[in-house]
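Subject: Handover of a structure and notes on its contents

Dear colleague,

Please find the structure below, which I am passing to you for your reference. My notes on it come directly after.

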Amino acid sequence: MALPPNVSPTDFNAALAAWRHSVGAEWVFTSDADIALYRDAYSPFFGEPEDRMASAAVAPATLEQVQAVVRAANQHGIPLYPISTGRNLAYGGSAPVYSGSVVLDLKRMNRVLEVSGRNAYALVEPGVSYFDLYDHVTKAGLDVWIDPPDPGWGSVIGNALDGGGGWTAAPFRDHFGSHCGMEVVLANGEVVRTGMGAVPNAKSWQHNRWGFGPWVDGLFRQSNFGVVTKMGFYLMPRPEAMWTATVSSGRDEDIVPMLDVLNLLENAHVVNGSTQIFGGFGANSAAWNIQVPIYGPEEVVRAQMNYAKTKFTAITGVKFVEGELFHTPLSPEAQARVRLVNFGIPNLSTFSMLGRSPGNPEPDGGHIGFSPIVPRTGESLLEFKKFYRDNLATVSGGENLGIVGPVYMTNWDRTLVCLIMFPIGRDKVRNAKMRRAFESWVHLAAERGWAEYRAPAAFQDLVAGTYSYNDHALTRLRETIKDAVDPRGILSAGRYGVWPKHLRKA
Amino acid sequence: MLDCAKKGNAVINRREFLEAAAISALPAMTRAAQGAPSVQIRASVAALHSVVVDSRHAEARSLGAGLAAQGANVVALADGDVTQLWLRTIGPAWRSQSVPIGGLTTRSSLFCLEQLSLGHGLRVVFHAEHIVHSEGRTEHRVLRGADAAGLCARSLGLAGSLWPTRIAEVLAHPGRFAGRERQGLSDAALSPTLPPGATLLTSWIIAA
């Protein structure tokens with residue numbers, strides 16, 4: 001059995017005994033085989049000493065058990081790494097950022113506590129997956145949609161806390177942005193409820209997120225200030241219809257007015273679906289395609305689509321082609337020809353498609369994502385496209401490393417996420433090249449004023465370091481908060497670049 | 001990983017020879033079994049809740065047909081996506097009992113099913129990779145469960161194009177893996193480096 005770093009056998013054994021008492025011996029895992037399950041399946045250090053490993057895992061089933069686990073960890077100075085379901089693949093999975101931490105596995109807290117069809121919200125525990133919530137909503141016959149990411153097996157809470165997004169309409173596809181109320185266990189074991197939930201016997205915890213006074217929920221996003229044990233989410237009332245059009249142009253420079261129109265339509269909430277931007281390839285194909293989905297009542301959708309068409313076709317040379325209008329609920333036949341996540345239906349199809357191509361029928365499987373955010377303007381997009389093209393060969397050391405991208409995602413209003421995917425396999429030499437390439441992209445992007453919204457555990461310090469305005473003032477503020485709410489530094493050390501005082505580098 | 005080549009023994013041993021001979025005889029036996037499968041084989045195959053095959057690959061179709069003839073519940077994946085299999089068949093089954101499953105699929109299908117199995121106390125107990133090269137040769141690696149399966153890369157190689165039959169025989173006896181030391185995650189998440197034009201297939205058993 002491995003020990004957490006800087007923890008004595010006496011302290012570790014005392015903590016394990018306390019956890020076995022409070023959670024049950026069968027839910028405290030110390031064998032090598034069990035601990036190995038928490039490895040990062042897509043680790044860029046696969047098979048190398050730097051691969052992050054847990055020392056043990058403990059799986060409470062209730063709020064009270066979480067409190068007991070955290071209190072014992074705090075008493076004995078044991079580093080904990082809370083996970084929801086641990087399926088944050090491509091961004092670290094269930095492996096702790098600080099190797100040797102004990103994984104606090106919340107998968108057993110898997111209750112859907114409430115779903116309201118009338119006010120369209122849900123209250124769930126961390127172990128509830130998108131599949132679970134979809135199943136609950138479907139069986140209950142509620143007329144609401146969930147917003148699953150690709151893939152749909154992850155935790156609703158975990159995805160939101162990591163800054164994940166989905167594929168239906170705004171604002172629901174911004175998963176943290178559409179949450180309403182949290183329950184959090186602090187490092188000392190105390191329970192806090194945010195927003196209206198701070199009112200005893202609260203009647204509007206999942207109705208109003210702001211409550212009274214400073215709003216603290218953001219402190220728990222991509223953070224290590226507490227363990228989130230409940231979270232509310234707004235759900236989307238099932239729209240009558242969904243209609244997508246494809247806007248295309250054969251000229252590269254047309255992306256500038258095209259994105260201006262798209263921004264106008266999105267910011268005015270005329271276009272509410274998750275738009276997709278594709279750069280064309282080959283001399284005869286369009287330079288740009290934008291898919292423009294609209295959700296809502298059919299007659300409203302038709303009016304919005306007409307308005308969108310008027311705006312887009314005012315750009316000379318731009319084509320606007322409406323696709324099939326889908327009525328919901330989808331028929332089984334319709335389900336077979338749509339991308340299910342656009343209709344709130346979770347699935348795992350991404351694993352059978354990701355990175356696959358005629359030239360690469362069996363891709364490496366693992367990948368890590370480089371996800372810088374740039375302003376949503378045509379000029380920025382063209383600049384990023386040139387930046388990628390100009391630097392790819394140099395960053396890759398003149399080799400074809402199989403780097404895929406950029407994919408331009410529109411998770412949030414007003415910005416683009418320019419996703420580049422790095423394949424990870426079992427070849428250590430190739431993985432090392434991939435890591436060097438990843439680091440180069442981070443530095444090169446930062447020189448342009450671009451930075452990532454999310455990063456694999458192995459690169460979180462690197463990315464946090466690029467948010468360095470005024471001598472890293474933001475990092476220092478976060479460290480001040482960390483020291484105040486978790487003075488012994490037991491929770492998720494190093495997560496998103498925030499380290500406790502005793503592990504902080506000078 | 002049990003790999004005959006690592007024994008430093010370049011010469012086929014008696015057991016491997018006998019295995020290869022037995023495999024050569026298997027097609028006829030399988031055809032005979034289609035009419036009246038023996039009670040013993042049926043009972044073993046029934047121990048697997050489902051046999052999952054990726055129907056895009058001839059080797060997997062062959063394995064599935066053989067096991068179906070022996071009474072196995074064979075499920076074909078048309079595109080490698082396990083979602084419906086999980087939602088309609090495997091997930092409901094595992095919620096009531098941690099039943100074993102096996103298959104011959106792509107690596108990504110195994111990866112998904114392995115991840116989904118962990119919460120039900122199941123593990124990958126047998127895992128072999130089969131790299132089908134563009135010229136038709138197949139290279140094998142038995143990554144997990146070789147001893148219990150009585151199988152190694154060399155014996156699979158000796159089976160030539162009949163290697164799926166050898167894997168079918170392993171899948172038909174999941175009980176061999178009971179009581180063995182439990183291991184962590186398999187390597188299904190990541191692929192070995194493949195030569196151009198090669199395809200990677202994976203055979204596996206997930207069991208308690």
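The following paragraphs describe what was found, beginning with the conventions.

This is a predicted model, in which local features need pLDDT of at least 70 and side-chain atom pairs count only at pLDDT 80 or more, whereas totals for chains, interfaces and linings use all residues. Residues are numbered from 1 along each chain as its sequence is written, and chains are lettered from A and ligands numbered from 1 in the order in which they are written.

The contact between the chains

Between the two chains, 25 residues of chain A are in contact with 27 residues of chain B (two residues are in contact if their C-beta atoms, placed from the backbone, lie within 7 Å). On the side of chain A that touches chain B there are 11 nonpolar, 6 polar and 8 charged residues. In this classification Ala, Val, Leu, Ile, Met, Phe, Trp, Tyr, Cys and Pro count as nonpolar, Asp, Glu, Lys and Arg as charged, and the others, Gly among them, as polar.

The nonpolar core

The largest nonpolar core has 192 residues, and A:Val58 and A:Val102 have the most contacts inside it. Such a core is a set of buried Ala, Val, Leu, Ile, Met, Phe, Trp, Tyr and Cys residues joined through C-beta atoms within 7 Å. A residue is buried if 20 or more other C-beta atoms lie within 10 Å of its own, exposed if 12 or fewer, and partly exposed in between, with C-beta atoms placed from the backbone. The largest share of the core of 192 residues comes from strand 19 (residues 415–424) of chain A, with 7 residues. Helices (H or I, at least four residues) and strands (E, at least two) are DSSP runs, numbered from the N terminus. Leaving aside residues up to four places away in sequence, A:Val102 touches several residues, including A:Pro4, A:Val58, A:Ile78 and A:Tyr81.

Two sheets of chain A

An open sheet of 4 strands in chain A has the order 1-2-4-3, with mixed pairing; two strands pair if DSSP finds at least two bridges between them. Strand 1 (28–29) and strand 3 (80–83) of chain A are at the edges with a single partner strand each, so one side of each is left without a neighbour in the sheet. Strand 1 runs antiparallel to strand 2 (residues 56–58) of chain A and is joined to it by 2 bridges; A:Phe29 has A:Ala57 as its bridge partner in strand 2. Strand 3 and strand 4 (residues 102–105) of chain A pair in the parallel sense over 4 bridges, and here A:Leu80 is partnered by A:Val102. From strand 3, A:Leu80 and A:Pro82 point one way and A:Tyr81 and A:Ile83 the other way, and all are buried.

A further open sheet in chain A consists of 5 strands in the order 5-6-10-8-9, with antiparallel pairing. The twist averages 10° from one strand to the next; axes are lines fitted to C-alpha atoms, for helices over the stretch in contact, and angles run from 0 to 180 degrees between N-to-C directions. Strand 5 (residues 112–116) and strand 6 (residues 121–124) of chain A pair over 4 bridges and form a hairpin with 4 residues between them. A:Glu114 stands opposite A:Leu123, and A:Ser116 has A:Tyr121 as its bridge partner. Helix 4 (residues 130–140) of chain A lies across strand 5 and strand 6, at about 50° to strand 5.

Helices

Helix 6 (residues 255–267) and helix 10 (residues 378–395) of chain A pack at an angle of about 130°, with their axes 7 Å apart. They are therefore oblique to each other, given that angles under 35 degrees count as roughly parallel, over 145 as roughly antiparallel, 65 to 115 as roughly perpendicular and the rest as oblique. In chain B, 9 of the 9 residues of helix 8 (residues 163–171) are buried.

Backbone details

The peptide bond from A:Thr328 to A:Pro329 is cis, with omega near -5°, and that from A:Gly405 to A:Pro406 is also cis, with omega near -10°. A:Ala120, in the loop between strand 5 and strand 6 of chain A, has a positive phi of about 55° although it is not a glycine. A:Asn201 likewise is not a glycine and has a positive phi of about 60°; A:Asn201 is exposed, with 4 other C-beta atoms within 10 Å.

With kind regards
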